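Hi everyone, thanks for coming. Have a look at the model on the screen, and then let's talk about charged side chains and a pair of helices.

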Amino acid sequence: MQMRGTVRFRFRSPENGIDVLIEGESHVVDSLRKELGLQGRVGFIQPLSARLVDGEEPFTNLLCQGMVLKDGAKMSKSKGNTVDPQGLIEKYGADTVRLFVLFAAPPEQSLEWSDQGVQGAHRFINRVWRLVNNHIEAGIPKEITVNNSREDLKSLRSKIHKTLAKVKDDYDRRHSFNTAIAAIMELSNDIPQEFLNSSADPEMREVANQAIESILLMLNPITPHLSQHLWWKLHPSESIVEKPWPEIDESLLIDDNLRIAVQVNGKLRSEIEIDKDTEEEIVKSIAINDEKIKKYIENKVVKKIIYIPGRILNIVV
């Protein structure tokens, strides 16, 4: 990013300046000293004094991106270790390359190039392709109201909405694209096969449809060609880029069951699963009678039990 002086603000609104300044790792020291310290601030003084922008800093956020490495060394023409992306795009498609680059490492860390990683990204894209087409072959369901009292339906819907919430946060706040992709992959694996069969009941098919549409919407910023093509198969007259982010059902983000870590004298010895509304005395009783815990407390005096609701229980003997 080599914009200088007031050019930085030519296409910015009066309220904002520059939202994000992205710099390479090798330039960060010079960038902070020159761009932010000298050129950036000097370029900011003029529009500030002219009351064209508000604020004291020209850049709201700084993202220092990592380098691309191959065999542990920075890619460079002088070393002859560069990879031509055009060949990969022709072989695997642009979406595969985008997916690999964003999944291989967080944007602020260096990325180790891996041909196997590219192939892995391509396999996932093929898996999404098969998932959507199998769903379509089973018959696209009509939208119906889903009964949340059914545990199998609620479990998948909860997974969908938790993934939507996480991926939105990863995109908007954390800029953590690799963890967003990992969450989408996990959701695609968690769709039960029986939900994808043509013999599944209408509610199962509807929840499967919700999961698949959510996967495509979440993948769209990363694999736009795949997502749009498959979206047209589901909705021939719609453009996926015009679809809003699905509304998140906050009630589905709360687990009915909780896993509680059980310690004996501060050391983790077991885990128990309880209903979120279980009373404290019952939780303590379940922990003491857990088979893994019994051998650590038998023939010993329990002095006290410390319980942090919904998180951890420590038995002091």
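Glu238 counts as partly exposed, since its relative accessibility is 27%; partly exposed sits between buried, under 20% relative accessible area, and exposed, over 50% (1.4 Å probe, protein chains only). Before I go on: this is a predicted model, where local features need pLDDT of at least 70, side-chain atom pairs count only at pLDDT 80 or more, and totals for chains, interfaces and linings use all residues. Residues are numbered from 1 along each chain as its sequence is written, and side-chain values use heavy atoms, leaving out hydrogens and water.

So who does Glu238 form a salt bridge with? With Lys243, and their closest N and O atoms are 3.7 Å apart. A salt bridge here is a side-chain nitrogen of Lys or Arg within 4 Å of a carboxyl oxygen of Asp or Glu. Lys243 is partly exposed too, at 35%.

How many salt bridges does the whole structure have? A search finds 18. Another one joins Glu186 and Lys159, at 2.3 Å from N to O. That pair links distant parts of the chain, with Glu186 in helix 6 and Lys159 in helix 5, 27 residues apart. Helices are DSSP runs (H or I, at least four residues), numbered from the N terminus, while strands are E runs of at least two.

Okay, one more contact for helix 6. Leu99, Leu102 and Phe103 in helix 3 meet several of its residues, including Phe177 and Met185; contact means heavy atoms within 4.5 Å.
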